[in-house]
Amino acid sequence: MLGDNRKRIILIDDHSIVRQGLERLLNAGDEFVVCEEAGNASDGMELVRELRPDGVIVDVGLPGGEDGIELTRKLRDEFPATVVLILSAHDEPHYARRAAKAGAMGYVLKSDAVEKLRSALRDAFKGKQTFAEEVEV
């Protein structure tokens, strides 16, 4: 992709339809491109190691014993320059607090509009975190 300045993103979510929908929505603009997707933490980690994306969007609830927050911690430890955002159906503040402590740059709800996710990604690539006000980071 010579001349393509879009940020390369990997999606890690156990729901195929969510991954497919997000891929279409994110690829529609000129800022981001989904380069790959995975349905669990171990496959996601392998893809990140192989492709070295600019960012990773991770679901909190992943099958296989390792949740998205634990995966976030591993990603940040191994790839500190890679932006990690959590995308979740859980609106309870303790999930977002755990995500912040794990090194996530933001916590976006699946019930939010896609523009909130785009905005959180933009901010994350500028070094700014996106968390609800009740979450201390």
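**Exercise 1.** In what order do the five strands form the open sheet, and is the pairing parallel or antiparallel?

*Solution.* The model is predicted: local features need pLDDT of at least 70, side-chain atom pairs count only at pLDDT 80 or more, and totals for chains, interfaces and linings use all residues. Residues are numbered from 1 along each chain as its sequence is written, and side-chain values use heavy atoms, with hydrogens and water left out.

Step 1. Strands (E, at least two residues) and helices (H or I, at least four) are DSSP runs numbered from the N terminus; two strands pair if DSSP finds at least two bridges between them.

Step 2. The order is β2-β1-β3-β4-β5, with parallel pairing.

Step 3. β2 (32–38) and β5 (106–109) pair on one side only, which makes them the edge strands.

**Exercise 2.** How many bridges join strand β1 to β2?

*Solution.* Strand β1 (residues 7–12) is joined to β2 by six bridges, and the two run parallel. Within this pairing, I9 stands opposite V34 of β2.

**Exercise 3.** Identify the buried residues of helix α3 and state what they pack against.

*Solution.* Step 1. Buried means under 20% relative accessible area, exposed over 50% and partly exposed in between (1.4 Å probe, protein chains only). In α3 (residues 68–78), G68, I69, L71, T72 and L75 are buried.

Step 2. Viewed down the axis of α3, these residues fall within an arc of 155 degrees, so they line one face of the helix. The arc is taken from the directions from the helix axis to the C-beta atoms.

Step 3. With contact meaning heavy atoms within 4.5 Å, the buried residues of α3 pack against β1, α2 (41–51), β3 (55–59), β4 (83–88) and α4 (93–102).
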